[in-house]
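Here's a quick tour to read with the structure open beside you. Take it one topic at a time and find each piece as you go.

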Amino acid sequence: MKVKINVLIIDDDEIVRDVFLRVLQKRENVKVFVAENGYEGIEILKRNPLHTIFLDLGLPDINGIETFKKIQRLNLNVIVTFMTASSNLSLEEKAKKIPNTQVVYKPLEIEEIYNIIDRNSQYRLN
Amino acid sequence: MREITNRVLQRRKSLFIKIFLLMAGLGIGISIPSILIFTAHHIKEMKNVLVENNKLTAELASMNVQSGYFLQQWPFEFLKKIKDNENIVYWRVVKPDGEIYLADDAEVWGKIIDDEAVATMTTLMKEEILSQTGEKIGVIVTPLDIKEDGRQWTFWLGYSLKPILAMRSKMLFMSLGAGLLIIILVGFFAYYFSKGITRPLKQLVEGTKAISKGNLDYEIKKESTDEIGELADSFNKMAGDLKRTTISRDYFDNIIRSMIDTLVIFDSQEKIKMVNRATLDLLQYREEELIGKPASILFAEGEALFRKEKLGELIERGKIRNFDTTYLTKSGEKIPVSFSGSIMRNAKREIEGIVGVAKDIRKTQKLISELKAANLELTRSKNAMLNMLEDLDESHRKLKAFHSQLLQTEKMVAVGRLAAGVAHEINNPLSGVLGFAQVLLQEIPEGNAWRRDVGKIEEGAKRCKKIVSDLLTFSRQEDFEMELADIREVIDSTLSLCQNQILLEKVKIIRDYEENLPKLRVSIPQIEQVFLNLITNAIQAMSEGGELKISTRWGNGGDSVEISFTDTGKGIEKENLPRIFEPFYTTQEVGKGTGLGLSVSYEILKRHNGSIKAESEGEGKGARFMVILPVEKKGYES
């Protein structure tokens with residue numbers, strides 16, 4: 001039985017969101033959601049059961065760390081991967097200290113994206 | 001005249017006000033309280049209805065939230081409907097410690113409420129001020145059946161008090177209007193009533209004042225035959241008498257009063273007989289305080305006019321001119337004056353008194369002393385300027401030396417800052433280039449010519465990625481994990497990384513390791529990066545084969561370890577040696593290196609408190625790079 005994996009990308013840069021949509025397009029068992037900022041991401045989380053989130057650290061309005069804190073409140077069983085364009089080192093340091101998450105550096109290679117989603121969905125099914 | 005009229009007006013006004021207040025007080029005292037009682041009753045009724053409504057809403061919402069909690073599915077849709085009512089300001093789910101767990105506005109999640117109502121066991125009503133708008137709102141706090149450490153979670157519903165406030169202000173406006181109308185009516189009545197009483201009195205007072213000021217031509221108009229009228233007659237008669245019998249002193253008084261300089265007349269006993277206005281103003285006395293007092297009261301202690309010799313001179317010569325002395329004010333202030341006096345004699349040539357005129361010369365003296373001070377200040381400034389010039393010269397010399405030291409460091413820092421600044425702008429679009437190139441590579445079938453082109457795009461994007469990440473080395477301040485390492489093992493593991501390249505380019509590696517070198521505290525991946533850069537550079541410099549000798553030995557009398565990489569490649573021109581550690585300096589063909597390898601190495605060694613040096617005898621004579629790493633002083637054992 002194939003399980004549908006729901007993935008959410010929160011990034012303010014359209015080109016980054018587009019890459020994810022295109023890269024994951026061919027994967028039949030993956031459904032992709034995208035959000036431009038933290039609040040939009042939370043609205044999607046309220047309505048959909050999600051498994052994996054790619055969360056940009058340098059978001060405008062509320063940054064990735066603050067968005068993560070709000071996501072935690074929703075009591076969801078979701079795994080977060082932080083993305084950074086290496087422009088804010090202090091946020092990067094903070095993110096590295098959060099347990100059960102990881103930090104990856106842009107630009108991501110597609111193998112990296114597949115690996116993260118596969119690993120997270122396995123962890124979930126176990 | 002104006003002053004007189006004002007005073008009279010004031011007197012009339014006070015009488016007018018008394019009557020006015022009496023009438024107005026009666027009117028207001030009866031009407032306003034009844035309006036207020038009526039208003040208050042209505043406002044209370046309306047508030048009760050509103051609060052009951054909101055309380056019902058809050059209880060309904062808390063039941064929903066409670067079941068939502070246990071079902072792990074928060075009732076966001078229901079809560080959104082509550083918030084759609086424009087009189088509801090907010091809703092919040094609050095933990096017993098005051099933390100806002102959820103709310104309509106995600107921005108307040110996690111904030112702490114400091115309020116006694118937190119964890120209440122019963123439904124509470126309270127009011128609070130919204131910090132954003134300053135608006136006062138009502139709040140209903142209902143307990144939820146969710147417990148944590150025996151204390152309850154609560155549901156908070158904030159509702160707007162605007163409907164109540166609007167009603168209240170409407171009522172207040174109406175009662176104010178009614179009150180104002182009453183005040184105006186009573187005011188008009190009182191005004192005309194009091195005017196009838198006070199007019200004859202006003203004229204009498206006006207006349208009295210005028211006569212007392214010396215206007216003897218003034219006549220009071222008689223308007224009635226009562227006591228006031230009789231009084232007016234008496235005053236008119238008195239004014240006439242005064243006019244006939246009094247010789248006006250105004251003319252002389254005016255002359256003396258108008259004198260700018262002070263004038264004092266002493267009698268033959270040297271007592272003050274008369275002073276003018278200028279004297280009183282200068283010395284701050286009232287006239288009665290001076291008349292009859294001895295002359296010495298005017299002079300500062302020790303001043304000479306009334307010492308025998310000066311007085312003798314005055315009496316003998318009849319006058320004395322521009323004698324510098326000092327007056328004393330009532331408050332004790334000393335005023336320098338230029339004094340002139342003359343003897344006043346009566347018909348029998350007997351001395352009747354002394355006339356003294358004194359001119360205040362403070363301004364002149366002040367000017368002189370200011371000039372002196374300014375001159376002194378100028379001299380001082382000149383000296384200070386000379387000292388400053390010397391200091392400036394010295395500072396300039398020091399700065400010049402310091403500046404050249406700073407330049408190199410500054411370049412590195414600037415590159416790092418620039419890299420961090422543009423990293424976001426480059427890495428995001430690069431995500432697009434790399435991501436789409438890799439997707440295309442998956443989709444283009446094997447053998448299609450496009451594969452090669454898209455492959456080039458991917459390769460280019462990866463190279464950009466490497467350049468940006470190298471540049472970021474300059475701005476990263478994070479602490480790398482430092483550990484004790486045998487430096488020979490680090491060299492060997494780096495060599496194994498580029499084994500392929502070494503074989504391909506036919507380079508011979510010669511290891512010359514000194515025995516008994518201590519372990520060094522380093523970040524192994526970083527030092528590996530430095531060695532990798534140096535070995536790769538050496539191999540690329542020997543494209544037709546050659547020898548790379550790597551040696552380790554003690555340096556600086558045992559304080560450091562030196563690792564040198566000597567190749568037989570094409571070498572470096574002498575004039576280029578000072579520039580090779582600068583970012584983007586490269587002699588390799590375009591596309592082979594990023595131009596950052598040596599400057600990244602320089603930066604890494606600086607963080608290890610080490611250094612790197614380059615030597616070359618010139619083109620074609622090979623090059624030697626020497627890495628120097630410090631030996632840890634304490635806690636090391638070989």
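Chain A has 126 residues, and 38% of them count as buried. Keep in mind that this is a predicted model.

**Chain A**
- Chain A has 5 helices and 5 strands.
- Start at the N terminus and you'll read the elements as β-α-β-α-β-α-β-α-β-α.
- Take the contacts in chain A between residues at least 6 apart in sequence: 66% of those join residues at least 24 apart.

**Where chain A meets chain B**
- Chain A puts 25 residues into the contact, and chain B puts in 26 residues.
- On chain B's side, strand E2 (100–103), helix H9 (362–443) and helix H10 (450–472) each supply at least two residues.
- H9(B) gives the largest share of that side, with 14 residues.
- Sort the residues on the chain B side by class and you get 14 nonpolar, 9 polar and 3 charged.

**An open sheet in chain B**
- In chain B, 5 strands line up as an open sheet in the order E7-E6-E10-E9-E8, and their pairing is antiparallel.
- Which strands stand at the edges? They are E7 (272–275) and E8 (319–328) of chain B; each has a single partner strand, so one side of each is left without a neighbour in the sheet.
- From one strand to the next, the twist averages 30°.
- For a closer look, go to strand E6 (residues 262–267) of chain B, which is joined to E7(B) by 3 bridges, with the two running antiparallel.
- As background, strands of a sheet pair through backbone hydrogen bonds.

**Two packed helices in chain B**
- Helix H11 (residues 487–497) and helix H13 (residues 524–541) of chain B pack at an angle of about 55°, and their axes are 9 Å apart.
- H11(B) passes H13(B) in a right-handed crossing.
- From H11(B), the contact uses B:Val490, B:Ile491, B:Ser493, B:Thr494, B:Leu495 and B:Leu497.
- From H13(B) come B:Ile524, B:Ile527, B:Glu528, B:Phe531, B:Leu532 and B:Ile535.
- By class, this helix contact has 9 nonpolar, 2 polar and 1 charged residues.

Technical notes
Residues are numbered from 1 along each chain as its sequence is written. Chains are lettered from A and ligands numbered from 1 in the order in which they are written. This is a predicted model: local features need pLDDT of at least 70, side-chain atom pairs count only at pLDDT 80 or more; totals for chains, interfaces and linings use all residues. Two strands pair if DSSP finds at least two bridges between them. Helices (H or I, at least four residues) and strands (E, at least two) are DSSP runs, numbered from the N terminus. Axes are lines fitted to C-alpha atoms, for helices over the stretch in contact, and angles run from 0 to 180 degrees between N-to-C directions. A residue is buried if 20 or more other C-beta atoms lie within 10 Å of its own, exposed if 12 or fewer, and partly exposed in between; C-beta atoms are placed from the backbone. Two residues are in contact if their C-beta atoms, placed from the backbone, lie within 7 Å. Ala, Val, Leu, Ile, Met, Phe, Trp, Tyr, Cys and Pro count as nonpolar, Asp, Glu, Lys and Arg as charged, and the others, Gly among them, as polar. A crossing is left-handed if the near helix is turned anticlockwise from the far one by less than a right angle, and right-handed if clockwise.
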